[in-house]
Amino acid sequence: MSLRRVISLIVIGLLLGLAAPQAAQAGRPGAGGSGGQSGISCSLPRSDAEALVILNNYYPGYWWDHTDLTIAVQAHPSATDEQLAAIQDAIATWSSVLEECFDGLITLTDVTGSKRQTADIVVHYVPTAGGVVFGGYALCGDHGCPNIIVRSDLPPSLDRDPYDPEYLGWVTLHEVGHALGLGHATNLLESTDLMGYGWPDLGDPVLSQCDIEALAFVFAWAPESAEPYEPAEGPFVC
């Protein structure tokens, strides 16, 4: 197994371990579904994800009760312009995709640098975070995600170069997906979907139609103009 694959296997800090529940959920007839998703006005590439885990099913309160989400970046002083650009480009990608796919119903606004409001989602760039090999993880809680952590520099004992900005951007895309409420692809190691672990060994990550349809599943209350309610039981079948 390559070092990159090992790194990818620890991308999110889901400390309870979702691999076994994902496999069980994926085999249950009728779990989730991709048909009839209302409120989606875009057509993104299809990926090889079979289904996506819904994080609220495992972590109570891990869902949003509003759709005008804000996000901010808190970066270590050593961050380079290229690293910061990669992180903020990842945020801009999610922001534009949400705007396009939900016609402005679900938005993600970058408020980095603003002192007048606390962001719903905070991305912390810490080059040497943690004592193990990982690209990033999302520590989200009850209707908030203040602790996305992405890193670039591996432990010195591994004698490896830091992640390049492109890979750092991919990790940020993945973790923001978690912050929005998406879990991993159930065919975790084989999928190059953004929410899988197959990239980059099997190809570049794909922000897919399934990712957007799963978000419509998570935010099902929004197009109904209903009072917010938690997502239904998943996984969401692609």
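**Strand pairing and helix packing in the predicted model**

E7 spans residues 182-185, and its pairing with E1 is antiparallel, with two bridges. E1 also pairs with strand E8 (residues 236-237), again through two bridges in the antiparallel sense. In that pairing, Ala51 faces Val237 of E8. Strand E1 itself comprises residues 51-54 and is covered on both faces. Ala51 and Val53 are buried on one side, and Leu52 and Ile54 are buried on the other.

A five-stranded open sheet is arranged in the order E3-E2-E4-E6-E5, and its pairing is mixed. Strands E3 (107-110) and E5 (136-141) form the edges, each pairing on one side only. From one strand to the next, the twist averages 20°. Within the sheet, strand E4 (residues 121-125) pairs in the parallel sense with strand E6 (residues 144-150) over four bridges. Val123 stands opposite Ile148 of E6. Helix H3 (residues 81-101) packs on the sheet, where it touches strand E2 (68-75), E3, E4 and E6. The direction of H3 makes about 150° with that of E3. Helix H4 (residues 165-180) also packs on the sheet and touches E2, E3, E4, E5 and E6. The direction of H4 makes about 160° with that of E6.

Thr192 is located in the loop between E7 and helix H5 (209-218). Thr192 counts as buried because its relative accessible area is 12%, against a cut-off of under 20%. Beyond its neighbours within four places in sequence, Thr192 is in contact with Asp48, Gly198, Trp199, Leu202, Gly203, Asp204, Pro205 and Val206.

Notes. Residues are numbered from 1 along each chain as its sequence is written. This is a predicted model: local features need pLDDT of at least 70, side-chain atom pairs count only at pLDDT 80 or more; totals for chains, interfaces and linings use all residues. Side-chain values use heavy atoms; hydrogens and water are left out. Buried means under 20% relative accessible area, exposed over 50%, partly exposed in between (1.4 Å probe, protein chains only). Two strands pair if DSSP finds at least two bridges between them. Contact means heavy atoms within 4.5 Å. Axes are lines fitted to C-alpha atoms, for helices over the stretch in contact, and angles run from 0 to 180 degrees between N-to-C directions.
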